[in-house]
Structure formats: C-alpha cells, structure tokens
Amino acid sequence: MPDPFNVLFLCTGNSARSILAEAILNHKAKVAFTAYSAGSNPSGMVRPEALKQLKKAGLVTDGLRSKSWDEFARPDAPMMDFVFTVCDNAANEACPFWPGQPITAHWGIPDPAAVKGTPEEIERAFRDAFTILDRRIGLFLALPFSTLEQFATQREIEKIGRQ
C-alpha cells in the first residue's frame, strides 16, 4: 500500500477551524491521507466548542492540540503533499518554506471563535464551520486518485534524488 498523502491545515490560532479540518480528514480518509494542523500564532489550546462539535459528529479528539507551524518546517517533520489555509489571516501571512513544494490552496471560512452571542449562536457558528469543512474535504477526497497517484510517483522520484 502506498504511503498516505500528508495534508496540513493552517490557521492563525490553530484552535478551531484547522483543528476541525484535521479531525475530519483523519476520520474520513484514514488510509489514504494523514492530516495535521498548525497555526502561525497558536493559541495554545483547542476551543472546547470545537471539541464538542467533533464529539457530536462521532470523531476522535485524542491528540488534538494547538501548535505552531514551525513544527512542520523542521527537517524532521513529515513532508507535506497538500497545505490548506482555512482562515484569511493565515492566507495573508508569509508561510514557512514547505519542502517538496506541496499543492496549496486557500479554503477560508468565517472564524467561529470570533462569534459573540448566545450559546446557541456560538454553537451554530462551530457547526457551520464543521459543515463547510466537511463538505470541502468530501469534495477533495472525491478527486480522481489516478491523478493523485501521478503526484505520488513524482514525490518518490524526488525522494530518490535526495538520497
């Protein structure tokens, strides 16, 4: 079986949207993809509302933590195949150099952590963020894997050249 594709979801605080995306992709594509998340200025904690939304959806929350994208720019970090920004702030920041030239895209969505209001309004904002990310990840996973296989082959050829 080929190695899974590595996917990094980026957001400024790495406390809600990128965490949701990491958990969703790891749940939906356990074999073909490994998802990670990070932030340019991590908050140091995962929002309890995000964890609650994930648990309501039946997704695993063990091991989720707010961390810096610097962890994934180190030489010993997993090589990323895809990098997605999920908030506008991260899209406008200068990202670290990602070895291997991963495919990148901006998947910005409103920040549920910024919502002020009743507990129901806040819960709806987190549910909406989850729903949007779930839909986008579903579309991403529906891409033709034969095309992705060509990218994996290219990656392996580049790996041979580094040895």
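Which residues of S1 lie on one side and which on the other, and are they buried or exposed? Hi everyone, let's work that out together.

A quick note before we start: this is a predicted model, where local features need pLDDT of at least 70 and side-chain atom pairs count only at pLDDT 80 or more, while totals for chains, interfaces and linings use all residues. Residues are numbered from 1 along each chain as its sequence is written, and side-chain values use heavy atoms, with hydrogens and water left out.

Now to strand S1. Helices (H or I, at least four residues) and strands (E, at least two) are DSSP runs, numbered from the N terminus. In a regular strand the side chains alternate between the two faces of the sheet. On one side of S1 we find Phe 5, Val 7, Phe 9 and Cys 11, on the other Asn 6, Leu 8 and Leu 10, and all are buried. Buried means under 20% relative accessible area, exposed over 50%, and partly exposed in between (1.4 Å probe, protein chains only). Because 7 of the 7 residues of S1 are buried, the strand is largely enclosed by the rest of the structure.

What about its neighbours? Two strands pair if DSSP finds at least two bridges between them. S1 is parallel to S2, with 7 bridges, and Phe 9 sits opposite Ser 37 there. S1 also runs parallel to S3, joined by 4 bridges, and Val 7 has Phe 82 in S3 as its bridge partner.

Finally, Phe 9 comes back in the largest nonpolar core, which has 36 residues: Phe 9, Leu 25 and Phe 33 have the most contacts inside it. Such a core is a set of buried Ala, Val, Leu, Ile, Met, Phe, Trp, Tyr and Cys residues joined through side-chain atoms within 4.5 Å.
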